[in-house]
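Student: Can we walk through this one together? I'd like to start with the charged side chains.

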Amino acid sequence: SQKIKMSNIPNSLDSIIIPDKKEKLSFYQDRKIKNCAFFKIEREDHTLGNIIHSQLLKDENVLFCGYKRPHPLEHFIIVKIITTGKVLPIKVFDSALKDLYIEFSYLEDIFKEKIK
Amino acid sequence: MRPDKVVWEEFSEFQAQLTFSGVENTIINSLRRTMMNEVPTLAIDLVSIEINTTIFHDEFISHRLGLIPLNSGKVDKFRFNRECECEERCEACSCIFSLDINVLEKEKLVFSTDLKNLSSEENLLGKSVVPIHNSGSEKSSFSEPILIAKLRNGQRLKLLAIAKKGIGKEHSKWSPVSIIRLENKPFFFLDLYKLEQKLNKKKKKELVEILPNLLQLDPIRETLSYKKRINDKDPYINNTSFNLIIKWLSNERIDSEEFIKIYSENNQILLKIETTGALSNKIIFKNSIEILKQKLNLIGIHLEKIQ
């Protein structure tokens, strides 16, 4: 869109829209440490990062879990997971997302009952 | 995993409170962040000014117009302007207002009621987008709409304003929430045994008169004690009684910190929401859960592609 801007202000839509070249979710397996994976999620911040991280810590197969937003002007988070080896990091991540989805569905159901 | 209890209370048209028991504070914090930043609403985004001979410069008035909350009940049916198939704007992605003021009297105040909705009569979607004129509390006896500018005799203001859909992350004018607070539920404790050593019989009677439902005075031994609670789970002291105790203690010049302790009730979290009026509190909360679920779903889909 044609907006007249001052030179230094970043585009406000930068924090929302993913440019064409980048993927929403990318995955990198660490070469030196066993069962260690990094997940880079574009255009997400602490809203998702904190709940994914806290849900992963509840899993008994997870040895290490941490997330960070490396720089406030760059809009992505990195989640690092190390598992015991019984389960792959991808599976653990997948089950954490599903558990969170179920928990929010419970909240939604309880809330809809309360409104009635 | 399943929350123990969720209580919804509405204090007024614009204020509501949720009490969660058995839900982690990380989840409630994410809901709070979503309610503030990611729930879409409508707000004025593009202003083309034809005549402006007021003392305010163009950007000043445009900024104020952008911050006016618009009724976004039907925002789900609008499309984002960047995703719309039209060239610049159309009825499906935006809504147009006009403001035309020519001051003939000595002084004129321009309110949000002077904004005219230019959508055609058949366009029910656009017609529903009206500025929220009154976001006051029940205490204000008269409600005044939002003041945009003050003009003097001879000054003119003529402009067209286009409202679009957006989220709070892009600019906080699109945030449907004005104040949102997250806190642990407080639990008040008054040390009666310590307090009554400082009071004589007359003062004790006064205290019991202020809080008849809470305290009682034993006439023989002249000691204060709590009345028997109806429901064992209810807290001893609620908010109103707590405020009365504090007021009375300050009137008597007694240091309240010695006798009152505040703890946080086990695992209970309060979420207090105040809306600007653009969306009702229930819709904001419902939409925030949906948006978070959509986000999680999207990442799950991308994860399956990688596997």
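Student: Which residues are linked in a network of salt bridges?

Tutor: K24(A), E44(A), E38(B), K169(B) and K295(B) make up that network. A salt bridge here is a side-chain nitrogen of Lys or Arg within 4 Å of a carboxyl oxygen of Asp or Glu. One caveat first: this is a predicted model, where local features need pLDDT of at least 70 and side-chain atom pairs count only at pLDDT 80 or more, while totals for chains, interfaces and linings use all residues. Residues are numbered from 1 along each chain as its sequence is written, chains are lettered from A and ligands numbered from 1 in the order in which they are written, and side-chain values use heavy atoms, with hydrogens and water left out.

Student: What does K295(B) form a salt bridge with?

Tutor: With E44(A); their closest N and O atoms are 3.1 Å apart. The count between chain A and chain B is 4 salt bridges. Over all chains, the whole structure has 18.

Student: And how far apart are the closest N and O atoms of K169(B) and E38(B)?

Tutor: 3.5 Å. K169(B) sits in the loop between β8 (156-166) and β9 (177-190) of chain B, and E38(B) in the loop between α1 (25-37) and β3, so the pair ties together parts 131 residues apart in sequence. Helices (H or I, at least four residues) and strands (E, at least two) are DSSP runs, numbered from the N terminus.

Student: Is E38(B) buried or exposed?

Tutor: Buried, at 9% relative accessible area. The cut-offs are under 20% for buried, over 50% for exposed and partly exposed in between, using a 1.4 Å probe and protein chains only.

Student: OK, interface. How many residues of chain A are in contact with chain B?

Tutor: 41, against 36 residues of chain B. Contact means heavy atoms within 4.5 Å. About 4,200 Å² is buried between the two chains, and carbon and sulfur atoms give 71% of that. Buried area is the accessible area (1.4 Å probe) that two parts lose on being put together, summed over both. On the chain A side, F104(A), L107(A) and F111(A) lose the most area to chain B, together 17% of what that side buries.

Student: What about the cores? Which residues touch the most other members of the largest one?

Tutor: F39(A), L56(A), F93(A), F104(A), L18(B) and F20(B), out of 48 residues. A nonpolar core is a set of buried Ala, Val, Leu, Ile, Met, Phe, Trp, Tyr and Cys residues joined through side-chain atoms within 4.5 Å. α2(A) gives the most to this core, with 10 residues. Beyond its neighbours within four places in sequence, F93(A) contacts several residues, including F39(A), L56(A), I299(B) and L303(B).

Student: Last one: where is T54(B) placed?

Tutor: In the loop between β3 (41-52) and α2 (58-66) of chain B. T54(B) is buried, with a relative accessible area of 12%. Leaving out residues up to four places away in sequence, T54(B) touches I61(B), L151(B), Q155(B), R156(B) and L157(B).
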